[in-house]
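Subject: Structure for you, with notes

Hello,

Here is the structure I promised to hand over. Please open it first, then read the notes below it.

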Amino acid sequence: MALVLERRPEAGKWALLLSPLLAVVLTLVSSLVIFWMLGQDPLRALQVYFLLPVSDAWGLQEVMVKATPLVLIATGLALCFRSNNWNIGAEGQFLIGAICGGGVAVWTHGWGGPWVLPLMLAAGALGGMAYALIPAVLKVKLRVNEILVSLMLVYVADLLLDWLVRGPWRDPFGFNMPQTVTFAPEATLPLLFQGGRMNLGSVIALVVVVAAAVVMARTLKGFEIRLVGQAPRAARFAGFSDARLTLTVFAVSGALAGLAGVLEAAGTVRQLLPGFSVGYGFTAIIVAFLGRLNPVGCLIAGIFIAITFIGGENAQIVLRLPRDMTLVFQGMLLFYILACDTLILYRVRRRVPGVGAQA
Amino acid sequence: MTLATAILLTVITAATPLLIAAIGELVVERSGVLNLGVEGMMIMGAASGVAVAIITGSSTLGVLAAIGAGVALAAIFALLTLALAANQYASGLALTIFGVGLSGVVGAPFVGVQREGIGRITIPFLSDIPVIGPVLFRQDLFVYASVALVIGVSWFLWRTKSGLILRACGENPVSAHALGYRVLRIRLYAVLFGGACAGLAGAYLSLVLTPFWTSGMTAGRGWIALAIVVFASWLPFRAMLGAYLFGGLIILQLHAQTAGVAIPSQFLAALPYLLTIVALTLIMAARRGTGAGSVAPAGLGQPFTPDR
């Protein structure tokens, strides 16, 4: 084929917004085809996935409950990905955050006070941060591949949680179920409204998004992160240290993932148990890309993906579709985002015959 | 059969899927492409392999379907990263998420369906040699295929002109392009080969090792295969060594679990993942000590667009 990609001198502003929207539309069209192939009524399936979750007040609250961890984790990951640091172990940092924060709740159960909740949040964020610093330090000191290390640590965190809730932290009065005690009221986040599960966590996520947006757009650190990602050589000449930046973005993203974990534990689940996470840490990768690695974008993308999360649960009950269908759509969405991004960065041109013909 | 022989046999079966997937990815990375979607291609291979084998009753068709599924997923990855010059890291992650999800959908009707696994081949007389006989001459076809792959890939990469060109695409795509080689086409073949290997490795899991389907049955083996490639410094025979080391670790922790060692089973189960990190750290520290610099293909992970 005589088509070549040619780098555009400057990406249009409109294209930056259009590309994720186009990706969403393409994913919707593809899912219609898939539903039809699975013998489902495509429009009915679409309704279950995208409209049912937002059709009542309880559902809307659930969307925010699911969006909270996604937005928090994605905001941190966006910082990493922007500066070419591939932290894909957010799921592990999320679990460690829940373990550290939940540990405080289990430890203080029965004698805690109003100080428990702040302590839990701090423990969760610090735990996640420390866990994320393992791949970061190995990368900086020995150039060990951060992708593999952060991912391996997900499995380790998962097994650690499993051991804790079956062993030392098991609720002594829990009929031998593998779970901790239900957290005491002082170890749980207050609900925002009656008749739902939306809690203070969503407010915290919103504050974090605003703070991150300001840091990225208005501070030197934000400029540094953007510069290292876009022009590493220029950043080095400007005197920015690669190593320090890697440690910083890993620490921030780990802390945010850990915070998301403890908020999920203290706000939504209110105990620790083996199936604690539904894969927020991995889904947040897609949220970060759909949100154009931009904090406000992550907020919008997080809400959208949260809707499909709940839609997937609905589809499992109403349409008897396997739950993994949601992952298929998420993977497909990321494919389309990446493909559409090419249309921003490059222009497809017909190759002029005779010029630079290849052997 | 002695205990040592029995353990060696299980080590080989645990190592074989890692080895097959790692060899495929090694070729991909040698061509300059980093495909993080090994886990996704592998688990799709496992799901489609067992699905087709159950439907048709033929293990051979199952294996072919697994290879086909791996190649199909690799083709999506190639379309994104080669034709559209998309980010290879993100595309690979998308492939893993997509593959893990799709395998759950494809495998859902077959959960818990038991079938006869693919058996071993016994080579007469030779297999009667004590200790090494059963280990070397009483294996399934996959094991022999994996060894043939290692030898074949090593020969191809260092003894043929095509192999030299493939490595050139990985080291310096711009120069390879300037010399008139079609970098993207060569990378496409490499990526598809990697997909076929990952699919085959998946088939080994669901048709030989545990002859039934469970959701998420690869359990990170695709990622360990990626780690083995780094550990092996992108050399096929070292990848073989790495795969057998990891296979040994997996078996060791399984034996410790069944023997009732007074360590919680979760800690033993976490060992392969922790030791992957330790192995990567040690190998990087050793490389730093020798001052050899980076041994990774120089163009690894960089998208290439022919400008003319």
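In which helix of chain B is Cys169(B) found? Cys169(B) sits in helix 7 of chain B, residues 161–171. Helices here are DSSP runs of H or I with at least four residues, strands are runs of E with at least two, and both are numbered from the N terminus.

Before going on, note that this is a predicted model, so local features need pLDDT of at least 70 and side-chain atom pairs need pLDDT 80 or more, while totals for chains, interfaces and linings use all residues. Residues are numbered from 1 along each chain as its sequence is written, chains are lettered from A and ligands numbered from 1 in the order in which they are written, and side-chain values use heavy atoms, without hydrogens and water.

Cys169(B) is buried, because its relative accessible area is 0%. (Buried means under 20% relative accessible area, exposed over 50%, partly exposed in between, with a 1.4 Å probe and protein chains only.) Beyond its neighbours within four places in sequence, Cys169(B) is in contact with Ser31(B), Ala176(B), Val183(B), Ile186(B) and Arg187(B). Contact means heavy atoms within 4.5 Å.

Thr13(B) lies in helix 1 of chain B, residues 3–30. Thr13(B) is buried too, at 9%. A polar atom of its side chain lies 2.8 Å from the backbone oxygen of Thr10(B).

**Where the chains meet**

Chain B and chain A bury about 4200 Å² between them, and 79% of that is on carbon and sulfur atoms. Buried area is the accessible area (1.4 Å probe) that two parts lose on being put together, summed over both. Ile97(B), Trp223(B) and Gln266(B) supply 15% of the area that chain B buries against chain A, more than any other three residues. The contact takes 52 residues from chain B and 41 residues from chain A.

How many salt bridges does the rule find across this interface? It finds zero. A salt bridge is a side-chain nitrogen of Lys or Arg within 4 Å of a carboxyl oxygen of Asp or Glu.

Ala108(B) lies in the loop between helix 4 and strand 1 (121–122) of chain B. Ala108(B) is partly exposed, at 35%. Leaving aside neighbours within four places in sequence, Ala108(B) is in contact with Pro322(A) and Trp213(B).

**Salt bridges**

Side chains of opposite charge can pair when their charged atoms come close. Over all chains, the count is eight salt bridges. Three examples follow.

- Glu313(A) and Lys66(A) meet at 3.8 Å, N to O. They link distant parts of the chain: Glu313(A) is in helix 12 (residues 295–318) of chain A and Lys66(A) in helix 3 (residues 57–82), 247 residues apart. Glu313(A) is partly exposed at 26%, whereas Lys66(A) is buried at 8%.
- Arg166(A) pairs with Asp162(A), with the closest N and O atoms 3.0 Å apart. They are separated by about one helical turn, because they are four residues apart in helix 6 (residues 146–166) of chain A.
- Arg30(B) and Glu171(B) meet at 3.9 Å, N to O. Arg30(B) is in helix 1 and Glu171(B) in helix 7 of chain B, 141 residues apart. Arg30(B) is buried at 8%, and Glu171(B) is partly exposed at 36%.

Glu62(A), Lys66(A), Arg197(A) and Glu313(A) are linked in a network of salt bridges.

Best wishes

How values were computed
Polar contact = N/O pair within 3.5 Å; in protein donor to acceptor, adjacent residues only side chain to side chain.
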